[in-house]
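This report is for a reader who is meeting the structure below for the first time. Please keep the sequence and the 3D view at hand while reading.

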Amino acid sequence: MNYGHPLTFGTFITPGADAGADAVSLAVRSEELGYDLVTFPDHPDTFDTWTLLSWVAGRTSRVGLSANVLNLALRPPAVLARAAVSLDLLSGGRLSLALGAAEGAGEAIDVIRGMWDEDGGPLRFDGEHYRLGGAQPGPPAAHDVPIWLGADDAGSLRLVGERADGWLVSLDECGPDRIRAGNKLIDEAAVAAGRDPREIRRLVNVPARSGVEDLLPLAVEDGIGTFILMSDDPEAVERFALEVAPALRETVGPTGRQLRRASVRAVRRAGIDYDLVPASLPVIEPGDPGYSRVRSTYLRGGAPGLVIRPGDAGQVAEALAFARAHPHLPLGVRSGGHGISGRSTNDGGIVVDVSGLNSIEVLDRANRLVRIGPGARWTDVAAALEPYGWALSSGDYGGVGVGGLATAGGLGFLARDHGLTIDHLRAVEMVLADGSVVRASETENADLFWAVRGAGANFGVVTAFEFEVDEVGDVGWAQLVMDARDTATFLERWGAVQESAPRDLTSFLIVSPPRAGRPATGHVMAMVNAGVPETVIDRLQPMADIAPLLDQQVVITSYAAVMANAAGDGHNGQGEPVTRSGLVEHITPEFAAAAARLIHSGAVYFFQIRSVGGAVADVPADATAYAHRSANFSVIAFGANRQRVDKEWARLEPYVNGLYLSFETDARPKRLGDAFPPGTLRRLRELKARYDPDNVFRDNFNIRPEES
Ligand SMILES: Cc1cc2nc3c(=O)[nH]c(=O)nc-3n(C[C@H](O)[C@H](O)[C@H](O)COP(=O)(O)OP(=O)(O)OC[C@H]3O[C@@H](n4cnc5c(N)ncnc54)[C@H](O)[C@@H]3O)c2cc1C
């Protein structure tokens, strides 16, 4: 029987009397040798297996982890369920739960699954072996943790068929004939329970002497998908990994992806060929645990049909090949999930989520070159650079991801002194629509490098950014709340002070309409790129003088401390805002009057102006796809109703010249013309026709190739 499971290999390691030290190093070695899984037995008289698994999880980064098998007499299932979720989360989704088929194993599986039911609430269970009066489930696991059962009598084999995700057996104890008979029993029980036998993985512990000729019939004729080598001898472990496993893989040939449980298949979305998802790709489907954590983004609720979570550029290419085979579906590309304009979630489509590519490494200390994955968040980037006395101008919120911001612009608190985030880019690695992995810099694919700095979302998935970062010491960080009842005058004064200030001052202003008896207020967040109190006061005093101060806080701190303002990374799509935005040269009296009317109209709940200018304007307009270099301010208004926001925004339009796409949600084609001057847009269309002729990347302000 071929159950279509990808072939995987594991080790079975016995913790010795040395408190597990040898077992840990053999597990680490197993990972280095390319094994898929490390497992440990669970006996009351040896080292505690769960502790060992946790320790090994911390010492490894890729390999799967499992007991072989857990002794249910030692481990109450409700406690085990929570421990499993914790270890799965801590290990990045690497745990499998292998249970011994003791009496009560069926109830144990029900309790564990009940504890994992995301919609279930506190679990009440009244069984023969287990009773629970409202056990509190924890968070969902990082992935669909499979439950395997170690079984060999008829009753427990039937239980495997009815309820487990895998059958684990030892070749020495069972032998090929009993394995075949066991498979038959399991398959019959599965069918009788309305399941597809392919949902159940077959795993066999094999002795150290096993060779390809012993294992091949088990793989080909009996559908064994996982072979686990029982040996504590490092040489045997190495020989099996380097000789037996590759030879067996080659002889067996390509295999598929394990069939998901019926409950998962039942909630699949139409139009996605789930059976064609490459087995190597980590994915989350709507029925999988953890789906609630990935379905939405920071500002948008979503219900994608498939979230693919590649671990490297090769897997991004595989994910894009899968997406290309589904041209009728929306395709979201997600890094940090904070897109305002970009739809990095969708309804029924595919999301390629590169949040796992989040490493931050120093490439060249002398030249301050760092390489950052798109999934890193700016709070983590700032924290990683701080020990070197470096910083990279990013944005105002540490939770935002590198991928979306560094392909669009990056207007942050160091902008006037150090320019946009994209101005620090020296190279990117990206996967193009056709799956090719390319590098772009001033000297390699220079035109692509130009396009990525401002219009990156249209050209591919960036898998690594290389930045030259700045030396940045302590900064002055101020939050001033001011009376802005005379809103137009307030805006005009703030603009004048900001525009005439030295470059080391960058401030953002949020103006709120009158609320609950309070007058309109202006909330200034200002960074002075100098750690000297006198300079900080000198820069802030003119700003503090523009209107009565209601509240103030000024500190000398680090850039990283300012960026340490991110909430946790679970997103549930708060807000669904409607925005309009634009770039402005000066806060003229006319602009200020129009903006004041907009703020007081009731159509917007959030209105912000950021200072840009300074170093941003040092870069020639045609040097990057972000072209509106002469603007001194960026304006954004958030509301809830498109028509009302558009109507009120119309007052500002005469004064607006250019647009930063990251702040815009109006998807009408005219906005592209606002974002890119005609020459820039023409060049972008030509490049789009070359790099993405089939318009695979179309879900974020689409630059269509054919309109050139
Ligand atoms: C609270 C908040 C504060 C913000 N503050 C600032 C700020 O101070 N300055 C500023 O400039 N912007 C700011 N933004 C806007 C932000 O820069 C953009 O929304 C940005 O796209 C978010 O990046 P992300 O990776 O988190 O988003 P995601 O939602 O993951 O991605 C957004 C879009 O970017 C594209 N994209 C994502 N990853 C990649 C990739 N690896 N390769 C190619 N394209 C990709 C996709 O089209 C995607 O739809 C803020 C947004 C929020 C919600």
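## Basis

This is a predicted model, in which local features need pLDDT of at least 70 and side-chain atom pairs count only at pLDDT 80 or more, while totals for chains, interfaces and linings use all residues. Residues are numbered from 1 along each chain as its sequence is written, and side-chain values use heavy atoms, with hydrogens and water left out.

Helices (H or I, at least four residues) and strands (E, at least two) are DSSP runs, numbered from the N terminus. Buried stands for under 20% relative accessible area, exposed for over 50%, and partly exposed for what lies in between (1.4 Å probe, protein chains only). A contact is a pair of heavy atoms within 4.5 Å. Two strands count as paired if DSSP finds at least two bridges between them.

Strand β2 covers residues 37-40. On one side of β2 point L37 and T39, on the other V38 and F40, and all are buried. Strand β1 (residues 8-12) pairs with β2 in the parallel sense over 3 bridges, and G10 stands opposite L37 in β2. Strand β3 also runs parallel to β2, and 4 bridges join the two. The bridge partner of V38 in β3 is L65.

The loop between β3 (64-67) and α3 (77-90) holds V69. The peptide bond that leads from N68 to V69 is cis, with omega near 5 degrees. Most residues other than glycine have a negative phi, and most peptide bonds are trans.

## Helices α7 and α8

How do the axes of helices α7 and α8 cross? The axes of α7 (residues 212-222) and α8 (residues 234-252) come within 10 Å and cross at roughly 40 degrees. Axes here are lines fitted to C-alpha atoms, for helices over the stretch in contact, and angles run from 0 to 180 degrees between N-to-C directions. Therefore α7 and α8 are oblique to each other; angles under 35 degrees count as roughly parallel, over 145 as roughly antiparallel, 65 to 115 as roughly perpendicular and the rest as oblique. On the α7 side the contact is made by V212, L215, L216, A219 and V220, and on the α8 side by F240, V244, A247, L248, T251 and V252.

## Helix α12

Which residues of helix α12 (residues 378-385) are buried? They are W378, T379, V381, A382 and L385. These residues lie on the same side of α12, because they cover an arc of only 160 degrees around the axis. The arc is that of the directions from the helix axis to the C-beta atoms. Among the elements that cover the buried residues of α12 are β15 (360-364), β16 (369-372), β20 (461-468) and α18 (559-563).

## The antiparallel sheet

An open sheet of 7 strands has antiparallel pairing and the order β25-β22-β24-β23-β27-β28-β26. Strands β25 (549-557) and β26 (578-584) each have a single partner strand, so one side of each is left without a neighbour in the sheet. Neighbouring strands of this sheet are turned by 10 degrees against each other on average, direction ignored. Strand β22 (residues 475-483) pairs with β25 over 8 bridges in the antiparallel sense, with A478 opposite V554 in β25.

Helix α20 (residues 642-649) packs on the sheet and touches β26 and β28 (633-639). The direction of α20 makes about 20 degrees with that of β26. V645 is found in helix α20 and is buried, with a relative accessible area of 1%. Leaving aside residues up to four places away in sequence, V645 touches V578, R580, A603, G639 and A640. V645 and L123 are 522 residues apart in sequence and 46 Å apart in space, C-alpha to C-alpha.

## Positive phi and a loop residue

Two residues other than glycine with a positive phi are tabulated here.

| Residue | Phi | Place | Relative accessible area |

D504 is found in the loop between α16 (487-500) and β23 (505-512). D504 is buried, with a relative accessible area of 13%. The residues that D504 touches, not counting those up to four places away in sequence, are D417, M527, V528, N529, T535 and R539.
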